[in-house]
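Hi,

Here is the structure I promised to pass on.

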Amino acid sequence: MDYLVEFAVWFIGLFQAGATTFVGLVTGIIPLVIILMTAFNAVIAGIGQERVDRFAAFAARPGWAFTPLRYVVLPVIAVFFLTNPMAYTMGRFLPEKLKPAFYDSAVSFVHPPLGLFPHVNPGELFVWAGIATGVTTGYGALVTARLAIAYLIIGLVVIFIRGIVTERITAALWKEQPAGESMEVGHAIAD
């Protein structure tokens with residue numbers, strides 16, 4: 001009979017844990033994202049939607065000269081000012097075929113700047129703190145600063161490479177679509 005009571009306690013505890021997590025989201029990340037979205041939209045309205053669209057069109061131009069702008073400059077600006085997870089919304093200004101590569105670059109850059117700019121991804125700060133603690137224990141605090149800079153520089157190289165590779169993969173997949181079909185986001189859901 002005790003096992004039934006234990007199972008019942010465990011069963012309701014499972015839902016209580018889910019409710020606690022839900023309350024944490026409702027009082028934590030959800031209001032933050034809503035406020036960031038509101039501020040981001042206000043800044044865009046202040047700058048002017050047409051200017052932002054022109055800048056995105058400029059960054060989306062073909063050619064190697066514009067690739068670093070799309071996959072290094074835009075993700076760095078987005079991650080630094082909008083932080084994780086709001087940074088990904090910056091991709092909305094790019095054409096559909098470039099959005100996956102921008103997202104890949106931006107999502108890959110939310111960890112590398114943590115050593116120098118912890119505000120960009122505070123929920124994941126424990127990753128950097130764990131690395132820094134291990135390095136500091138073995139080599140000292142000065143090495144941690146060098147590590148933070150190296151981590152940032154390597155992150156910039158990686159997001160550039162990932163952006164290029166993802167852009168090529170997306171272009172190849174885009175070409176494989178039969179005539180008349182679209183790779184728009186809602187297309188797969190509608191099928």
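**Overall picture**

The protein exposes about 12000 Å², and carbon and sulfur atoms supply 73% of that (accessible areas are from the Shrake-Rupley method with a 1.4 Å probe, and for residues only the protein chains shown count as cover). Before you dig in: this is a predicted model, where local features need pLDDT of at least 70 and side-chain atom pairs count only at pLDDT 80 or more, while totals for chains, interfaces and linings use all residues. Residues are numbered from 1 along each chain as its sequence is written, and side-chain values use heavy atoms, with hydrogens and water left out.

On secondary structure, I get eight helices and zero strands, so from the N terminus on the order is simply α-α-α-α-α-α-α-α (helices are DSSP runs of H or I with at least four residues, strands are runs of E with at least two, numbered from the N terminus). The radius of gyration is 21 Å, well over the 16 Å that the globule rule gives for 191 residues, so the protein is more spread out than a compact globule (the radius is taken over C-alpha atoms, and the rule is 2.2 Å times the number of residues to the power 0.38). Along the principal axes, the C-alpha atoms fill a box of roughly 70 × 55 × 40 Å.

Of the 191 residues, 28% count as buried (under 20% relative accessible area; exposed is over 50%, partly exposed is in between, with a 1.4 Å probe and protein chains only). Among contacts with a separation of 6 or more, 62% are between residues 24 or more positions apart (contact means heavy atoms within 4.5 Å).

**Helix 4 and Arg70**

Arg70 sits in helix 4 (residues 67-82). Is Arg70 buried or exposed? Buried, with a relative accessible area of 2%. A polar atom of the Arg70 side chain lies 2.8 Å from the backbone oxygen of Ala59, and the side chain also reaches the backbone oxygen of Arg61 at 2.9 Å (a polar contact is a pair of N or O atoms within 3.5 Å; within protein, one must be able to donate a hydrogen and the other to accept it, and residues adjacent in sequence count only if both atoms are side-chain atoms). Leaving out residues up to four places away in sequence, Arg70 touches a list of residues including Gly63, Leu98, Phe102 and Glu167.

Val73 is in helix 4 too, but counts as partly exposed at 34% relative accessibility.

Ala101 belongs to helix 5 (residues 99-108) and is buried, at 0% relative accessibility. Beyond four places in sequence, Ala101 touches Tyr71, Gly163, Thr166 and Glu167. Ala101 and Val165 are 64 residues apart in sequence, and their C-alpha atoms are 7.7 Å apart.

The loop between helix 4 and helix 5 deserves a look in your viewer. Most residues other than glycine have a negative phi, and most peptide bonds are trans. Thr83, in that loop, has a positive phi of about 60° although it is not a glycine, and is buried at 13% relative accessibility. Pro85 is in that loop as well, and a cis peptide bond joins Asn84 and Pro85, with omega about 10°.

Cheers
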